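Visitor: I would like to learn how to read the side-chain features of a model. Could you take me through one, step by step?
Guide: Gladly; let us look at it together.

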Amino acid sequence: ELAHLSNTDVLTGLYNRRYFDQALELEWKRSSRNKAVLSVIIFDIDHFKNINDMFGHQAGDNYLTRMAAALDAVFKRDYDIVARYGGEEFIALLPGIAAENARQLAEQARTNIESLALYHQGNRISTTISAGIMNVVPDQDTRPDYIVSCADKALYQAKQSGRNRVVVFAEASDEDEDKEEIVYAS
């Protein structure tokens with residue numbers, strides 16, 4: 001029970017960042033050994049500060065709890081890991097899932113959150129999320145935080161291009177040597 005408590009976010013009931021980091025390390029090694037794809041999706045609630053400012057932190061906490069449940073419902077495989085990454089950020093670790101399937105799951109999560117409404121003292125609270133995705137077949141020469149860093153760059157692109165969207169990070173090919181990254185949005 002103590003191990004479960006140390007790996008769980010108290011507010012949302014999801015895994016915490018500590019557990020995610022440990023799971024990422026293990027999945028990175030396993031995927032590298034098996035030459036299998038690994039996907040990470042980072043979600044961030046758009047304009048979450050406005051909820052706390054307008055309705056108070058209790059309403060914000062209630063919204064985080066409802067959002068966590070909505071995200072957890074999308075990622076149903078036993079080995080998918082959904083964690084609260086920090087503040088209003090959540091992260092999903094998806095071993096062995098193709099890039100297009102990860103994008104579809106992120107899009108499903110985005111639409112679920114878009115339709116999620118919470119009422120606080122008669123006021124309807126709704127918001128959207130942005131998501132950044134990275135898919136890679138890990139290798140021994142790259143650190144696991146690489147996949148998170150790339151997903152974070154894609155999330156930043158989603159935020160910069162208008163929010164409420166999913167962006168997939170793609171590494172530059174040899175023809176695109178001058179470009180650091182190419183992103184695809186939906």
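Visitor: Which residues have the most contacts inside the largest nonpolar core?
Guide: Before that, a word on the model: it is predicted, so to speak of local features we need pLDDT of at least 70, side-chain atom pairs count only at pLDDT 80 or more, and totals for chains, interfaces and linings use all residues. Residues are numbered from 1 along each chain as its sequence is written, and side-chain values use heavy atoms, with hydrogens and water left out.
Guide: In soluble globular proteins, nonpolar side chains tend to be buried together. A nonpolar core here is a set of buried Ala, Val, Leu, Ile, Met, Phe, Trp, Tyr and Cys residues joined through side-chain atoms within 4.5 Å. Buried means under 20% relative accessible area, exposed over 50%, and partly exposed in between (1.4 Å probe, protein chains only). The largest core has 33 residues, and Ile41, Phe43, Tyr63, Met67, Phe75 and Phe90 have the most contacts inside it.

Visitor: Which element gives the most to this core?
Guide: Helices (H or I, at least four residues) and strands (E, at least two) are DSSP runs, numbered from the N terminus. H4 gives the most, with eight residues. Elements giving two or more residues include strand S1 (38-45), helix H4 (57-74) and helix H5 (99-115). Apart from this core lies another, of 23 residues, among them Phe20, Val40, Tyr85 and Ala158.

Visitor: What does phenylalanine 43 touch?
Guide: Contact means heavy atoms within 4.5 Å. Not counting residues up to four places away in sequence, phenylalanine 43 touches a list of residues including Met67, Leu71, Phe75, Phe90 and Ile129.

Visitor: How many aromatic pairs does a search of the whole structure find?
Guide: Rings of Phe, Tyr and Trp (its six-membered ring) pair if their centres lie within 6.5 Å; planes under 30 degrees apart count as stacked, over 60 as edge-to-face and the rest as tilted. The search finds three pairs. One of them is stacked: tyrosine 15 and tyrosine 19, at 4.0 Å centre to centre with 15° between the planes. Tyrosine 15 is partly exposed at 33% relative accessibility, and tyrosine 19 is partly exposed at 23%.
Guide: Phenylalanine 20 and tyrosine 85 pair edge-to-face, 5.9 Å centre to centre and 85° between the planes. Phenylalanine 20 lies in helix H2 (residues 17-34) and tyrosine 85 in strand S2 (residues 81-86), so this pair ties together parts 65 residues apart in sequence. Phenylalanine 20 is buried, at 0% relative accessible area, and tyrosine 85 is buried at 13%.

Visitor: Where does the charged end of arginine 17 sit?
Guide: A charge sits over a ring if NZ of Lys or CZ of Arg is within 6 Å of the ring centre and within 35 degrees of the ring normal. Here the charged end of arginine 17 sits over the ring of tyrosine 85, 3.9 Å from its centre.

Visitor: How many salt bridges does the count come to?
Guide: Side chains of opposite charge can pair when their charged atoms come close. A salt bridge is a side-chain nitrogen of Lys or Arg within 4 Å of a carboxyl oxygen of Asp or Glu. The count comes to ten. In one of these, lysine 159 meets aspartate 46, with the closest N and O atoms 2.7 Å apart. Lysine 159 is in helix H6 (residues 145-160) and aspartate 46 in the loop between S1 and H3, so the pair ties together parts 113 residues apart in sequence. Both residues, lysine 159 and aspartate 46, are buried.
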